[in-house]
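Welcome! Please take a moment to look over the model below, and then read on for a short tour.

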Amino acid sequence: MCVLVLVVAIPVVTGHPILSYPVSESMVPTLGPFDIFFVDPFPGALHAGDIIVFDSISRGGPAVHRIVAGDVKGWITQGDANPNTDQTSGEPVVTADRVLGRVITFPTGSPVTIPKVGVTASAAKVQLVRAHEAVGAGSTLLVIVGGGALLVALF
């Protein structure tokens with residue numbers, strides 16, 4: 001239960017995720033679409049080779065790519081499967097204020113993942129949004145996850 005509280009509380013308090021998943025193939029073979037990965041929301045110093053989650057200006061939301069160059073003034077990022085850097089495609093250099101966290105890796109450099117679980121998480125999120133919309137904007141949606149169960153209450 002304590003882990004569940006942290007998984008929910010840290011993103012709410014910090015605005016930084018601790019679990020996420022890519023929806024594209026830009027990080028294949030390192031991260032496949034919908035592979036859940038873990039994020040350190042307090043990454044400290046970043047270096048070339050680190051995989052980060054950042055607020056992408058060009059995509060209008062979070063992106064997960066590898067730092068390929070740069071320093072604290074701004075990092076150049078690129079998906080492992082992409083032929084060009086994000087900055088070549090119009091993304092501004094990634095500054096510290098846009099970094100949401102660093103992907104947690106094993107000592108070998110491979111990300112800690114739960115393969116394909118993001119598909120289920122994504123489908124559940126869509127259903128929750130639909131349920132909330134069905135009862136109206138003035139309602140409150142309460143979601144409790146624990147012990148492998150999901151409880152949804154609308155009031």
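The tour covers salt bridges, nonpolar cores and one glutamine.

This is a predicted model, in which local features need pLDDT of at least 70 and side-chain atom pairs count only at pLDDT 80 or more, while totals for chains, interfaces and linings use all residues. Residues are numbered from 1 along each chain as its sequence is written, and side-chain values use heavy atoms, with hydrogens and water left out.

**Salt bridges**

The structure holds 5 salt bridges; the term stands for a side-chain nitrogen of Lys or Arg within 4 Å of a carboxyl oxygen of Asp or Glu. Here are some of them.

| Pair | Closest N and O atoms |
|---|---|
| Aspartate 50 and arginine 102 | 2.7 Å |
| Arginine 66 and aspartate 80 | 2.8 Å |
| Arginine 98 and glutamate 91 | 2.3 Å |

Aspartate 50 forms a salt bridge with arginine 102. Aspartate 50 sits in the loop between strand 2 (36-40) and strand 3 (51-56), and arginine 102 in strand 6, so this pair ties together parts that are 52 residues apart in sequence. Strands are DSSP runs (E, at least two residues), numbered from the N terminus. Aspartate 50 is buried at 16% relative accessibility, and arginine 102 is buried with 18%; buried means under 20% relative accessible area, exposed over 50%, and partly exposed in between (1.4 Å probe, protein chains only).

Arginine 66 forms a salt bridge with aspartate 80. Arginine 66 belongs to strand 4 (residues 61-71) and aspartate 80 to the loop between strand 5 and strand 6, so the pair links parts that are 14 residues apart in sequence. Aspartate 80 is partly exposed, at 29% relative accessibility.

Arginine 98 and glutamate 91 are both buried.

**Nonpolar cores**

A nonpolar core is a set of buried Ala, Val, Leu, Ile, Met, Phe, Trp, Tyr and Cys residues joined through side-chain atoms within 4.5 Å. The largest has 9 residues, among them Met27, Leu31, Phe37 and Val64. Strand 2, strand 3 and strand 6 each supply at least two residues of this core. A second, separate core of 8 residues includes Ile52, Ala63, Val94 and Val99.

**Glutamine 87**

Where is glutamine 87? Glutamine 87 is in the loop between strand 5 (74-78) and strand 6 (99-103). With 17% relative accessibility, glutamine 87 counts as buried. A polar atom of the glutamine 87 side chain lies 3.2 Å from the backbone oxygen of proline 92.

How values were computed. Helices (H or I, at least four residues) and strands (E, at least two) are DSSP runs, numbered from the N terminus. A polar contact is a pair of N or O atoms within 3.5 Å; within protein, one must be able to donate a hydrogen and the other to accept it, and residues adjacent in sequence count only if both atoms are side-chain atoms.
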